[in-house]
Structures are given as structure tokens and as C-alpha cells.
Amino acid sequence: MKNIIHVIYPAEYLASFVIEGDHTDDDLLEMVFARWNHGSGMECDQFISSKKRSLSVNDIVCVNGIHYQCASIGWNEVTSDYVNELEEAVENNPLCDLHGPWFALSEVMYNRKKNLMTV
């Protein structure tokens, strides 16, 4: 089976590739996390050549059309609308131009969590 994978660093980078085999989404997410993290010992060539930071909390991985956001522990399924809105929020955050998309993503997610706590 061909599993179509997209690694999405919101407002920063998109990588697409195929992982062959009959795997669950959980297994695929763990494989992708290991392959896209410096120091895992399982880094893939595409990740190394991209010279990108390690996949981390709040980044998105799409597995066969289903989007997952990396959490502190595990993954949360999210919609494509959520991913598009997140990309826009990161792009429009002032920190994106000042310090880069990762800083903007961190602030966007911090503000979202803070707003949820005050509701």
C-alpha cells in the first residue's frame, strides 16, 4: 500500500513523500516523527537535505488525507480547514517576518490556548 505523507511546517515548509507498506496511521506518524528529527538515528535523506528544524509540537503531518497536529505527547487529528486557518494566522503574525514562522507558530498557539482558558 502507498501511504501519501505531507509534513507541514505552517507558513514555512511542505514536504511530500510516500511510505510503502500496510501501516496504521499511528505507526506512520511515529515513523515520520523519527525520520524528521535530528538525533533520532533514523533521519531520512529528504529531511537531512532540507536543512529544516526537527518536527515538533504544533507542526502538522497529513497521512492519506487526514491531518494530525503534533502534541506534547502524541498527535491530535485536525481538519484541513484548521490547517489552512493556522497557516494564515502564522503568516499574518508579526513575528513571522521578525523572527520566522516557528516563533509566529508558537505565539499563535500560545494565544489560542490562553483564549481557551479565559472562556
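This is a predicted model: local features need pLDDT of at least 70, side-chain atom pairs count only at pLDDT 80 or more; totals for chains, interfaces and linings use all residues.
With a relative accessible area of 0%, Val-61 is buried. Leaving aside neighbours within four places in sequence, the residues in contact with Val-61 are Ile-5, His-6, Leu-29, Val-32, Leu-55, Ile-66, His-67, Tyr-68 and Trp-75. As for a residue elsewhere along the chain, the C-alpha atom of Val-61 is separated by 15 Å from that of Cys-44, which stands 17 residues away in sequence.

## The nonpolar cores

Val-61 also belongs to the largest nonpolar core, which has 18 residues, and together with Ile-5, Val-7, Val-32, Trp-36 and Leu-55 it touches the most other members. Two or more residues of this core come from each of strand 1 (2-9), strand 2 (13-20), helix 1 (25-35), strand 3 and strand 4. Apart from it lies another core, of 12 residues, which includes Val-78, Leu-86, Ala-104 and Leu-105.

Helix 1 has Leu-28, Leu-29, Val-32 and Ala-34 among its buried residues. The cover over the buried residues of helix 1 includes strand 1, strand 2, strand 3, strand 4 and strand 5.

The five strands form an open sheet in the order 2-1-3-4-5, and their pairing is antiparallel. Strand 2 and strand 5 stand at the edges with a single partner strand each, so one side of each has no neighbour in the sheet. From one strand to the next, the twist averages 25°.

Within this order, strand 1 and strand 3 run antiparallel and are joined by four bridges, and His-6 has Cys-62 of strand 3 as its bridge partner. Strand 3 is likewise joined to strand 4 by four bridges, again with the two strands running antiparallel, and here Ile-60 stands opposite Gln-69 of strand 4. Strand 4 is largely enclosed by the rest of the structure, because four of its five residues are buried.

## Two hairpins

Strand 3 and strand 4 form a hairpin with two residues between them, and in its turn Asn-64 has a positive phi of about 50°. Strand 4 (residues 66-70) then pairs with strand 5 (residues 75-78) in the antiparallel sense over four bridges. Along this second pairing, Tyr-68 stands opposite Glu-77 in strand 5, while Cys-70 has Trp-75 as its bridge partner. The hairpin of strand 4 and strand 5 has four residues between the strands, and Gly-74 takes a positive phi near 85° in it.

## Helix 3 against the sheet and helix 5

Helix 3 lies across strand 1, strand 3, strand 4 and strand 5, and runs at about 50° to strand 4. Helix 3 (residues 80-92) also meets helix 5 (residues 101-118), their axes coming within 9 Å and crossing at roughly 115°. The crossing in which helix 3 passes helix 5 is right-handed. On the helix 3 side, the contact is made by Tyr-82, Glu-85, Leu-86, Ala-89 and Val-90, and on the helix 5 side by Pro-101, Ala-104, Leu-105, Val-108, Met-109 and Arg-112.

## Cysteines without disulfides

How many disulfides does a search of the whole structure find? The search finds zero. A disulfide is a covalent bond between the sulfur atoms of two cysteines, and the cut-off applied here is a pair of sulfur atoms within 2.5 Å.

Cys-62 counts as buried, since its relative accessibility is 4%. For Cys-96 the closest cysteine sulfur is again in Cys-70, at 20 Å, and this too is too far for a bond. Cys-96 also counts as buried, because its relative accessibility is 14%, where buried means under 20% relative accessible area.

Notes
Residues are numbered from 1 along each chain as its sequence is written. Side-chain values use heavy atoms; hydrogens and water are left out. Two strands pair if DSSP finds at least two bridges between them. Buried means under 20% relative accessible area, exposed over 50%, partly exposed in between (1.4 Å probe, protein chains only). Contact means heavy atoms within 4.5 Å. A nonpolar core is a set of buried Ala, Val, Leu, Ile, Met, Phe, Trp, Tyr and Cys residues joined through side-chain atoms within 4.5 Å. Axes are lines fitted to C-alpha atoms, for helices over the stretch in contact, and angles run from 0 to 180 degrees between N-to-C directions. A crossing is left-handed if the near helix is turned anticlockwise from the far one by less than a right angle, and right-handed if clockwise.
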